Each structure stands twice: as structure tokens, then as C-alpha cells.
Amino acid sequence: MIHFLIHDKKDSVGVAVVEGIKAGQDLTGWLMEDDSTVNVKAITDIPIGHKVTIKPLKNGDTVWKYGFDIGKAIADIKVGEHLHVHNVKTKRW
């Protein structure tokens with residue numbers, strides 16, 4: 001089962017495509033660029049449509065989604081963690 005989608009190899013997050021992802025659950029992501037899969041363990045609950053971190057991020061790191069810079073981490077974020085407004089901000093202001 002595919003739990004999240006990744007578009008580009010440089011992406012640091014995937015987008016949850018199923019409901020009910022719970023902390024501790026083993027997840028499989030589909031990397032669309034090369035038709036490969038990525039496996040992570042969710043360490044927090046992740047709502048459908050939200051982002052799951054697939055690469056460790058340090059405070060200040062750029063966050064990549066769909067091959068684009070979507071902002072910067074404002075805290076250290078572990079693989080499998082929910083990434084949302086509480087730990088990422090735009091670089092615009």
C-alpha cells in the first residue's frame with residue numbers, strides 16, 4: 001500500500017494520501033520521478049494531505065516538496081515526523 005507520494009528525488013517530504021496514519025506505523029512512499037519506493041516509520045500522527053518528513057532536517061534547512069523550495073525548517077525535524085506550520089515557515093518573511 002502507498003501511504004504518501006514524493007515527486008522529486010531532492011524532496012525532503014512526501015504528502016500523505018491515506019487517512020489515519022498513526023505514530024509507529026510503517027509507511028511506504030512512491031517516488032514518482034523514478035518509480036521507486038521509500039519506507040519510513042511515522043513518529044507522529046499525519047493527517048491526509050499533510051507532509052511527512054523523509055529526510056532529516058535541521059533548524060534552518062530548506063524544505064523541498066514537488067521539486068520546489070517551500071520554506072525552511074524552524075526546528076530539527078526527524079524522518080517520519082509530521083511537517084506543517086508548527087515546524088516550517090516561508091522564507092518570504
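**Entry 1: Asp35**

I began with Asp35, which counts as exposed because its relative accessibility is 57%, and the cut-off for exposed is over 50%. I am working on a predicted model, so I keep that in mind throughout. I placed Asp35 in the loop between β3 and β4 (36-41). Then I checked its backbone. Asp35 is not a glycine, yet it has a positive phi of about 60 degrees. I noted the background to this: most residues other than glycine have a negative phi.

**Entry 2: Tyr66**

Where is Tyr66 found? I found Tyr66 in the loop between β6 (62-65) and β7 (68-73). Tyr66 also has a positive phi of about 60 degrees, and it is not a glycine either. The relative accessible area of Tyr66 is 41%, so I wrote it down as partly exposed.

**Entry 3: Ser36**

I moved on to Ser36, in strand β4. Its relative accessibility is 24%, so Ser36 counts as partly exposed. Which residues does Ser36 touch, leaving out those up to four places away in sequence? I listed Gly29, Trp30 and Leu31. I also took a distance to Val85. Ser36 and Val85 are 49 residues apart along the chain, and their C-alpha atoms are separated by 28 Å.

**Entry 4: the whole chain**

I stepped back to see the fold. How many helices and how many strands does the chain have? I counted zero helices and nine strands. Reading along the sequence, I wrote the pattern as β-β-β-β-β-β-β-β-β.

Next came the dimensions. The C-alpha trace spans about 40 × 30 × 20 Å along its principal axes. For 93 residues, a compact globule would have a radius of gyration near 12 Å, and the chain has 12 Å, so the two agree.

I then looked at contacts between residues at least 6 apart in sequence. Of these, 51% join residues at least 24 apart.

**Entry 5: surface and charge**

I noted that buried residues make up 38% of the 93 residues. The accessible surface of the chain comes to about 5,300 Å². Carbon and sulfur atoms hold 55% of that surface.

**Entry 6: the cores**

Which residues form the largest nonpolar core? I found twelve: Phe4, Ile6, Ala16, Val18, Ile21, Leu27, Leu31, Val40, Ala42, Ile46, Val52 and Ile54. Apart from it lies another core, of seven residues, and Val13, Leu57, Ile77 and Leu83 are among them.

I took Phe4 as my example from the largest core. Setting aside residues up to four places away in sequence, I saw Phe4 touch residues including Gly14, Ala16, Leu27, Trp30, Val40, Val52 and Ile54.

**Entry 7: Gly14**

Gly14 was on the Phe4 contact list, so I followed it up. I found Gly14 in strand β2 (residues 13-16). Is Gly14 buried or exposed? Its relative accessible area is 0%, so Gly14 is buried. Beyond four places in sequence, Gly14 touches Phe4, Leu5, Ile6, His50, Lys51, Val52 and Ile54. I also checked Gly14 against His3. They are eleven residues apart in sequence, with 9.2 Å from C-alpha to C-alpha.

**Entry 8: two isoleucines**

I looked up Ile43 in the loop between β4 and β5 (51-53). Ile43 is partly exposed, because its relative accessible area is 39%. What is Ile43 in contact with, leaving aside its neighbours within four places in sequence? I wrote down Ala23, Lys78, Val79, Gly80 and Glu81. Ile43 and Gln25 are 18 residues apart along the chain, and 7.8 Å separates their C-alpha atoms.

Last, I turned to Ile70, in strand β7. At a relative accessible area of 33%, Ile70 is partly exposed. Not counting residues up to four places away in sequence, Ile70 touches Lys51, Val63 and Lys65. Lys51 is also on the Gly14 contact list. From Ile70 to Val85 I noted 15 residues in sequence and 12 Å in space, C-alpha to C-alpha.

Definitions and conventions. Residues numbered from 1 in each chain as written. Predicted model: local features only at pLDDT ≥ 70, side-chain atom pairs only at ≥ 80, totals over all residues. Heavy atoms only, no water. Core = buried A, V, L, I, M, F, W, Y, C linked by side-chain atoms within 4.5 Å. Buried < 20%, exposed > 50% of the residue type's maximum accessible area, 1.4 Å probe, protein only. Contact = heavy atoms within 4.5 Å. Helix = DSSP H or I, 4+ residues; strand = E, 2+ residues; numbered from the N terminus. Rg over C-alpha atoms; globule rule 2.2 N^0.38 Å. Areas by Shrake-Rupley, 256 points an atom, 1.4 Å probe, with all protein chains shown as cover.
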